[in-house]
Amino acid sequence: MNKSMSLSASAAATASTVSAEICIVGNGAIAKTTALGLANAGLKVILLGPPAPPVAPPAEAGWDARVYALNHTAHRLLSSLKVWGALDAARVTPVDAMIVHGDGPNPGGLAFDAYGAHTDTLAWILEERNLNQALDAALRFAQNVTIVGGRAAALQRGDDHATVTLGDGSSIEAQLVVGADGAESWVRGQCDIGLDYRSYGQRGVVTNFACEKPHHGAAHQWFTGEQGIVALLPLAGNQVSLVWSAPDALADTLRAESAQQIADRLAVYAADKLGALTPLQPELVRDFPLRLIRPHAMTSPRVALVGDAAHVVHPMAGHGMNLGFGDVAQLIETLAAREPQRGVGDARVLARYERARKEDVLLMQVTTDGLARLFGADAEPLRAVRNLGLNLLDKIPVLKRRLIAHAMGK
């Protein structure tokens with residue numbers, strides 16, 4: 001088995017042009033998974049991105065503030081690439097139940113569990129670092145992958161290939177450029193792709209706690225009206241990860257407080273379910289902006305977008321990363337199924353990829369945006385309606401099964 005080649009910035013400068021069938025721009029989990037998947041399909045791939053800073057092994061560095069709730073689509077993809085088996089399994093937590101709590105004096109509620117969904121688990125919670133370390137290990141042994149450390153400076157597209165010029169003057173030629181470079185995608189910015197952008201006026205505040213009572217693998221989410229949306233996701237042992245979608249003013253307050261003060265605030269929601277919360281790493285509180293980014297297209301001549309470069313949604317359902325893995329799985333499938341006479345950058349092939357992803361992406365955008373608006377309003381009539389809706393949905397098994405099946409990626 002050949003190891004993946006690593007081309008440093010200095011080496012790139014001596015080789016003025018390198019070429020491959022596909023150039024992937026990005027250095028996050030979606031970019032790495034795309035590189036592994038397309039290389040596994042027999043395509044020659046270059047992965048271009050700034051070198052990631054070294055990270056400590058999970059056991060030495062405590063728990064990541066940022067975690068992902070991965071569904072069955074992500075699990076299947078990562079398993080097929082031999083990445084899932086390389087994860088630190090002791091730090092991967094199955095989600096056996098999801099419990100949604102309404103707000104106000106007569107809160108509604110909605111609950112899902114793995115038994116009712118006829119599956120072993122609904123999702124898996126894992127840390128960003130755990131995922132990236134498993135991907136990096138797989139890339140070291142991947143065939144057909146060349147890793148180039150550098151920053152893209154220009155993109156030119158022609159009839160039969162695209163050229164990415166790096167900051168040091170060297171260049172990469174490829175039939176297809178994949179933008180896997182996040183919400184502020186450089187690749188998307190080089191294309192004539194418009195977008196709709198809206199800030200939710202919220203930030204996601206994240207940190208981790210030990211809980212007094214066992215969580216039993218249950219993920220809890222509270223819709224609180226003016227306080228935003230509070231989610232506590234299960235970690236290994238009696239530990240949970242907080243994702244608080246807080247209005248900007250509240251987020252400022254939370255970031256000025258200690259993790260213990262945040263734990264005290266959470267008691268009003270979680271005390272009866274999880275008992276007292278104790279910060280795992282009091283200094284480790286992070287936040288990130290919440291926004292809707294809806295590009296008008298996922299493709300452009302010689303370009304395909306995946307992950308946050310293609311869509312950014314509200315994190316309330318935890319499916320932003322899952323949408324990205326869905327993109328990757330579909331791109332691999334579409335390119336593998338193309339006719340022999342069509343190259344990977346053929347316009348018809350890229351149009352098939354975009355059509356195949358349109359419904360799933362639009363449904364998640366509309367759902368998360370609609371729920372963010374509905375549950376962000378604090379008017380009493382709306383509170384009554386949404387609590388009634390939660391209660392009704394909880395009592396209709398057919399709708400519950402369809403909803404959970406979609407969320408699981410089945």
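Where is the place of Lys-82? Lys-82 sits in the loop between helix 4 (72-80) and strand 5 (93-95). Helices (H or I, at least four residues) and strands (E, at least two) are DSSP runs, numbered from the N terminus. The model is predicted: local features need pLDDT of at least 70, side-chain atom pairs count only at pLDDT 80 or more, and totals for chains, interfaces and linings use all residues. Residues are numbered from 1 along each chain as its sequence is written, and side-chain values use heavy atoms, with hydrogens and water left out.

Lys-82 is not a glycine, yet its phi is positive, about 65°. With 66% relative accessibility, Lys-82 counts as exposed. Here buried means under 20% relative accessible area, exposed over 50%, and partly exposed in between (1.4 Å probe, protein chains only). Arg-302 also has a positive phi of about 65° and is not a glycine. Its loop runs between strand 19 (299-300) and strand 20 (303-305). Arg-302 has 13% relative accessibility and therefore counts as buried.

The protein as a whole contains 12 helices and 20 strands. Of its 410 residues, 52% are buried. Contact means heavy atoms within 4.5 Å. Among contacts between residues at least 6 apart in sequence, 74% join residues at least 24 apart.

Helix 2 (29-40) has 12 residues. From first C-alpha to last, helix 2 reaches 16 Å, close to the 16 Å expected at 1.5 Å a residue. The expected span is 1.5 Å times one less than the number of residues. Because 11 of its 12 residues are buried, helix 2 is largely enclosed by the rest of the structure. The buried residues include Lys-32, Thr-33, Thr-34 and Leu-36. Gly-42 follows helix 2 and has a positive phi, near 95°.

Leu-36, Asn-40, Leu-81, Phe-141 and Ala-142 are the closest to its centre among the 14 lining residues. A pocket is defined on a 1 Å grid over the protein atoms alone, as an open set of points where a 1.4 Å probe fits, with protein on both sides within 12 Å along at least five of seven lines; lining residues have an atom within 4 Å of a point. Helix 2 and helix 5 (128-140) each supply at least two lining residues. By class, the lining has 10 nonpolar, three polar and one charged residues. Ala, Val, Leu, Ile, Met, Phe, Trp, Tyr, Cys and Pro count as nonpolar, Asp, Glu, Lys and Arg as charged, and the others, Gly among them, as polar.

Strand 7 (residues 109-113) shows alternating side chains. Leu-110 and Phe-112 point to one face and are buried. Strand 7 runs antiparallel to strand 6 (residues 97-101), and five bridges join the two. Two strands pair if DSSP finds at least two bridges between them. Phe-112 in strand 7 is the bridge partner of Met-98.

Leu-250 lies in helix 7 (residues 248-256). At 12% relative accessibility, Leu-250 counts as buried. Apart from neighbours within four places in sequence, Leu-250 is in contact with Gln-227, Trp-244 and Arg-265.
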